[in-house]
Amino acid sequence: MPAFKNLFHYFRYQNIDPVIMKLCKTSRFFFLLLLFIPFISGAQKNKKPNIILIVADDLGWGDLGYHGSEIKTPNIDQLAKEGVNLNRYYSAPICSPTRAGILTGRYPNRFGIRQTVIRPWEVFGIDSSEQCIPQLLATAGYKNRALIGKWHLGMLKPEYLPLHKGFTHFYGFYTGEIDYFTHKRSGELDWHNDDQSSYDKGYSTDLITNEAIRCIKSYKAESPFFLYIAYNAPHEPLQAKTEDLLLYGYDKNKPSYSTQSTSGKIDDDESGLIPTEGLGNTKRQTYSAMVTCMDRGIGKILNLLKELKIDKNTVVIFQSDNGALKDGGGSNGSLRGYKVQEWEGGVRTPAIIKWSDGFEGGWTSNQVMGYVDLLPTICDIAGVTTAPKNPLDGISLLPYLRKKITSIDRHFYLGHGSMVSNEWKLVKAKAGNSKMVLSEDMLFKIAADPNETTTVKEQNEKIYTDLLHEVEKYDTIQSRIPVPPHGKGRKEFKPPKEWKVED
């Protein structure tokens, strides 16, 4: 009888049809079921996983609790504890290139997206010849493939928009920077539900979380699904809810931080956003409140997966798109540099992956890996057999995560003459790059010197020469896609009404 009760509860937990549960009460059927338990259990484990990719915006290395920050991030900290903490994970130093590399598995300079972000007035985006993650997942039975949040990969032609890149649902905004409360950019509403304007009210971080929760509840019966959740937090403009500001000592009787945005100095975007709502007393206070709000949303998503009993067979990936902006409220901890720079503070980003049914969690990886590895890794996990149209720069990390191999010897291109390996990092002098002007090339033994304090080029000439030849292979890549000249169309640009894009 005890064995029978255990079997009965097993089937109830596995959501087996009630008719079968009734049959369990007959002894004859009971013994037959005993024979099939291993097969049913194996089928559950072999079911293709759901995949959730969460990307934060301008989140610094030093802005998470598990990296020693004072900012409250209990849910991301718990994810790092339960999953694999990717301690040597790299992105591009700025937004659009990272997002392009994530979706294509290719270094973004191959198709013209490397120098900076895609600006609102540029008729430019990911070329149609590039295949994206959702397009490949569609071939492996992933019916529902949603992007929720920030796009920033082209917004002035339908062919550049998410629904033309393999996503079946889009909820969020096209441009790179919006007001968190009004959802406007350049005076126009930039908030969409698929290809229609959305007039939903609320704080954008909460709206993104709520839509992710709605999608998970809707999609769970049609697993597997793919969700790309792209928060705009904690990117400028720095705006937070009062309830979160109060967690960090907000005093409404004290003045707010200056509304002078630094984003125009970084990418010549000049969004014109001067927020009037959600400003804390200091940038750091406001930034911290924004991160905590995002963390709370991630916690709601993770808790829902547990409630629905789909958490163990859901892959959850978390990363930032680049490091924190200088003087933007964030911190890269002890790492050198900031967003838009190839120093570690600009490109080494917090990242975590968890898949309880797929590989062991609870450990820290020091293997060099990064944003272009996501497409091949996700496709490997999902069992995609369709070969990508274009050669990939990324590699599948699944064998490594499953500890079938202990290390991968590779060079990872960071852009603008910078390259990193498990042990070394090259940073070339780049007179043409105003963000990092150096008098000479630098070589760091990065595994032992993560803060890039001491160049060791003279003591390691052969390694330096080898890396120099390697990085030139990528620095000299010429995109077949004409990149719009800097600033072209900017003066006469007027955004489309409610950022609706017509053919």
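How are α7 and α10 oriented relative to each other? Open this predicted model and find out.

**Stop 1: the helix pair**

Select residues 204–219 for helix α7 and residues 283–307 for helix α10. Their axes lie 9 Å apart, and the packing angle is about 10°. Angles under 35 degrees count as roughly parallel. α7 and α10 are therefore roughly parallel to each other.

Now show the side chains between them. On the α7 side, pick Thr205, Asp206, Thr209, Ala212, Ile213, Ile216 and Lys217. They meet Cys293, Met294, Gly297, Lys300, Ile301, Leu304 and Leu305 in α10. Colour this contact by class: eight residues are nonpolar, three are polar and three are charged.

**Stop 2: α7 by itself**

Next, highlight what is buried in α7: Ser204, Thr205, Leu207, Ile208, Thr209, Glu211, Ala212, Ile213, Cys215, Ile216 and Tyr219. Which elements do these buried residues pack against? Select β1 (50–56), β4 (144–150), β5 (169–173) and β10 (225–230), then bring back α10.

**Stop 3: the cores**

Move to the largest nonpolar core, which has 82 residues. Select Leu137, Phe226, Tyr228 and Phe412, the residues with the most contacts inside this core. Helix α12 (residues 374–382) gives the largest share, six residues.

A second, separate core has 53 residues. Leu207, Ile216 and Tyr219 are among the buried residues of α7 from the previous stop.

Centre on phenylalanine 412. Leaving aside neighbours within four places in sequence, its contacts include Tyr90, Tyr107 and Tyr371. Val368, Met369, Gly370, Val372 and Asp373 also touch phenylalanine 412. So do Ser418, Met419 and Val420.

**Stop 4: serine 96**

Go to helix α5 (residues 95–104) and pick serine 96. Is this residue buried or exposed? Serine 96 counts as buried because its relative accessibility is 0%. Not counting residues up to four places away in sequence, serine 96 touches Ile113, Thr116, Val117, Ile118, His152 and Leu153.

**Stop 5: helix α14**

Finish with residues 461–475, helix α14. Its 15 residues should span 21 Å at 1.5 Å a residue, and the end C-alpha atoms are 20 Å apart, which agrees. Show its buried residues: Tyr464, Leu467, Leu468, Glu470, Val471 and Tyr474. Their cover includes β15 (412–415), β16 (418–420), β17 (425–427) and β18 (442–444).

How values were computed:
Residues numbered from 1 in each chain as written. Predicted model: local features only at pLDDT ≥ 70, side-chain atom pairs only at ≥ 80, totals over all residues. Heavy atoms only, no water. Axes fitted to C-alpha atoms, helices over the stretch in contact; angles between N-to-C directions. Helix = DSSP H or I, 4+ residues; strand = E, 2+ residues; numbered from the N terminus. Parallel < 35°, antiparallel > 145°, perpendicular 65-115°, else oblique. Contact = heavy atoms within 4.5 Å. Nonpolar A, V, L, I, M, F, W, Y, C, P; charged D, E, K, R; others polar. Buried < 20%, exposed > 50% of the residue type's maximum accessible area, 1.4 Å probe, protein only. Core = buried A, V, L, I, M, F, W, Y, C linked by side-chain atoms within 4.5 Å. Expected span 1.5 Å × (residues − 1).
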